[in-house]
Amino acid sequence: MHIMEGFLPWQWCLVWYIISIPVVAYGVIQIKKITDENPESKPLLAVSGAFMFVLSSLKLPSVTGSCSHPTGSGLGAVLFGPAVASVMAAIVLVFQALLLAHGGLTTLGANIFSMGIVGPVVAWLIYKGVKNAGGSPLLGIFLAAALADLLTYVTTALQLSLAFPVPTFTVAFTNFMWIFAVTQIPLAIAEGLLTVVIFDYIMKL
Amino acid sequence: MNVLETKNVNYRYPDGTPALEDVNFSAAQGKMVALLGPNGAGKSTLFLHFNGILRPSAGTVMVENVPLTYDKKSIMKVRQKVGIVFQNPDDQLFAPTVEEDVAFGPLNVGLDQDEVERRVAESLERVGMAGFEKKPPHHLSGGQKKRVAIAGILAMSPEIMVLDEPTSGLDPKGASRILHLLHKLNQEGMTIVISTHDVDLVPLYASQVYIISEGHIIKEGTPQDVFSDEETIRNANLRLPRIAHLMEILQKKDELPFEKPYPLTIGEARKKLLKEFDE
Amino acid sequence: MNVLETKNVNYRYPDGTPALEDVNFSAAQGKMVALLGPNGAGKSTLFLHFNGILRPSAGTVMVENVPLTYDKKSIMKVRQKVGIVFQNPDDQLFAPTVEEDVAFGPLNVGLDQDEVERRVAESLERVGMAGFEKKPPHHLSGGQKKRVAIAGILAMSPEIMVLDEPTSGLDPKGASRILHLLHKLNQEGMTIVISTHDVDLVPLYASQVYIISEGHIIKEGTPQDVFSDEETIRNANLRLPRIAHLMEILQKKDELPFEKPYPLTIGEARKKLLKEFDE
Amino acid sequence: MHSMFENTLDNYAHSNGLRETNTLFKVIFAIATMLVSLASTSPIVPLLITLVISFLLIFQAKIPWKFYLKFLAVPFFFGFLTFIFMALFFGVGAHILDLGIFNLAVTQDGFNRGLLLFSRVLGGFTCMAFLALTIPMTELFSELERFKIPQIVMELAMLMYRYIFLFLDEGINMYHAQETRLGYSSLKKSFKSMGMLGSNLFIRTWIKGEQAHIAMESRCYDGSIKTMKEPESMRTIGARNLVLLTLFEVGLVIGLYFTGNFTLF
């Protein structure tokens, strides 16, 4: 769920930029390390990023009839780890803003935080967690993708309630959560399922 | 009877650039029709209208004399009747094994397990790919992939098979196998539409030829008709078949008595030359 | 002098299947050499040995009579001398604009800004793509992408240009433009090696032909030599050029007095036929 | 054409009426205006910005108005929903309208906040649309060099830009091939089909990545992609344009100052 250009007050735009930049910078250092050791990983990272973009421009079918776009952050995080995934997500978000007019530039920091940081970190932790607990990898992937998706939305709700704590932060947050719960839980499940199907086929191919 | 027909079909890309303008195309039952044109002339765009993947901005597409309606149910029926084989088989083969790939269409039609298996076996047999059932498609050669892609459409038992550049990228043997296969299917009654820019192959098989250039049909007729208009052919970035070109040069530059229509195939040229030698 | 030569080159894929066996190939300075073979015969694999991307399991590759060594410094030098144009231009063009793509090689070589700009401009001019500098590759047609890919190699001023299936997928006009361009480059002194399975085109341009089948060179010689051995040609999943095929039929079936070597091109056939008619 | 994929704005960016206008000029104009819109405390200036930029896009950049209106419908609809939502649920002040059901009422501060947000979304969105529709990504890359973005990020972004279009094309072809064989005809089949499409595309992207690396190595790639461009200097904008730009932005800021406390209720 992208926060649209112009939606956040400037103070909050700034706050989310300040929080996101160090994380992305850390990811850049990681990527630099990987590509220096392994020059052929550069085109591979690039094509994976392009894949994330194309995946995110797919319209996901959902039961409610509305459509949404897979965030792909689950997939990215499982493949490359959260730090690298956050840089890729940041670049993808810029492209989405400038090629599709999705999201925004002043809200980029906030979107990077929810989709490029919270999403991948959650996905990665859950995937590792399920794997360490001896769960099946497909279950891990489903939970990672679905929960990453869901927590991305929760983060967005949080960001919006912080920006508009009217009448109080709690009430605003509850309101936003209600809307998201109805619309986004089916989509999170859809993304989880899709990621599982994709992984399943990749393993077979 | 025309099993497939377009009437004044126009199509514009979402940004407004016209891709097809007033295209009238028809394929009669049981014929093999060729759509000849250079890259980017609109061949693939026209084909995507035949089974309702694209919807014309103006004009009508008719399958078996019924205008297409674009509700889900009728579209599903049309797609069973008109099967399209895409140019790049890599875009079409997506299942982990050959068998699963060919089964994709029949399963979507909702056939039962036994019928699906029967059709998969039969289609692979027809295209000469029996024995490859369990292979992953990306381990096959270009020609083999093409044949599996054709099997995937055959398995849906279409009335009309539409093939986009069926020989492109194939070596001479591979190309000739595909054409023999199409010829056989056509003999057995299937209507076949192919797009190509291979002018040497067209005259061998097609009974009707359309030339498309920049979204317009600029010529139609039998291969003889069409290739006797060298100017149109060359304006459309195409050329005469090599055999015809030889005869054209012999006539025009050397004033040998070869009248139009020039022979287009080796067989025709042979007859014509023998006649000259005998005289 | 042979500017490019392989001596008993063998190559196995990482899984152990042999891809090339005892390949002896050479290209003399300033010639145009064709490597003819069906899909999957090993053409592309052989080409990747020419600039050291692949390293032979046994045998030697020589560029300007010096055996390749595979340290970084010498490999960079070899890659400046031997430029490869890949079959699918989409594999080769990676930059956001035409200009940046063509500049990629020269910048890697370490040329200064002005020289790079000069070479980019000149190469695009040569391939007829001046004016397209700022375009992104996805706005170009297949033939245009191919020409930009060639410009990207030209800009590195290689001694030898190696092209994998340069005409594949192009319409007649597009293919003929590329071949004219290669012919001109060759006239100006560049050694050119092309792989193809288009037997109708080869005789027009190549001075030396190799036939490769299943990783072996099974025939080499002038186009006349090579195509006079119909059996080998057909065993390699290839065929005679159409003109030669016509002549072969006229001679064998109709007992017309066409002796081997059969004419391969329209020009040669014209001469031969005129001679017959005059007698 | 590709119902399932988003259409990109790339075609417009490469062929619009403002294509030849100085890139830096357009970038500074769009960003500065966007920031002014963001800083507004009343709806007047953002709505003015929306009008001015829409005018520029339709009459100067010659973006087809039908497309533009459809395109603008998204933020409009979204902004409008936000407005309703804010007016009904996010207010504490005096009621200006009681709906009479569920105790719902439009509050004064909710209404004002909603309207402000609605206008800022439209203002900001049109500025972003101006960037997206009049400046090709390829030219933005050289402007981005100015911001000292790490080389590796620029390289990845440039490569990604190229492959995005390649994969979109392949994805669309695959999607059509699946439609031809009746994929996507039910929800379950849609998931299956889309999973196949995604996984195939993924495998293809990796093959493409390897091939790209081989082709790059053949051209002496040594691990870093060098660029020959230098960002344009401010001077290329031209004195007249710079003055116009400054006047426009200053005008907007003055507008902000005088309309800052404006509310409808």
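What follows is a chat about a predicted model and its chains.

Me: What kind of model is this, and how are residues and chains labelled?
Reply: It is a predicted model, where local features need pLDDT of at least 70, side-chain atom pairs count only at pLDDT 80 or more, and totals for chains, interfaces and linings use all residues. Residues are numbered from 1 along each chain as its sequence is written, chains are lettered from A and ligands numbered from 1 in the order in which they are written, and side-chain values use heavy atoms, with hydrogens and water left out.

Me: What is the mean pLDDT of chain A?
Reply: The mean is 86, and 94% of the residues of chain A reach 70 or more. pLDDT is the predictor's confidence in each residue, from 0 to 100.

Me: New topic. Which residues touch the most others in the largest nonpolar core?
Reply: F95(A), L57(D), L133(D) and Y163(D), out of 140 residues. Helix α7 (residues 151–180) of chain D gives the most to this core, with 18 residues. A nonpolar core is a set of buried Ala, Val, Leu, Ile, Met, Phe, Trp, Tyr and Cys residues joined through side-chain atoms within 4.5 Å. Buried means under 20% relative accessible area, with a 1.4 Å probe and protein chains only.

Me: And what is L57(D) in contact with?
Reply: Leaving aside neighbours within four places in sequence, its partners include I63(D), Y68(D), F130(D) and L133(D).

Me: Which chains share the most contacts?
Reply: Chains A and D, of the five pairs of chains in contact. No contact joins chain A and chain C, whose closest C-alpha atoms lie 9 Å apart.

Me: How is chain B superposed on chain C?
Reply: By a rotation of 180 degrees with 0.0 Å of shift along its axis, RMSD 0.2 Å. That is the relation of a two-fold axis.

Me: Why do the copies meet through the same surface?
Reply: Because 100% of the interface residues of chain B are also interface residues in chain C.

Technical notes
Buried < 20%, exposed > 50% of the residue type's maximum accessible area, 1.4 Å probe, protein only. Helix = DSSP H or I, 4+ residues; strand = E, 2+ residues; numbered from the N terminus. Contact = heavy atoms within 4.5 Å. Least-squares fit on C-alpha atoms with pLDDT ≥ 70 in both.
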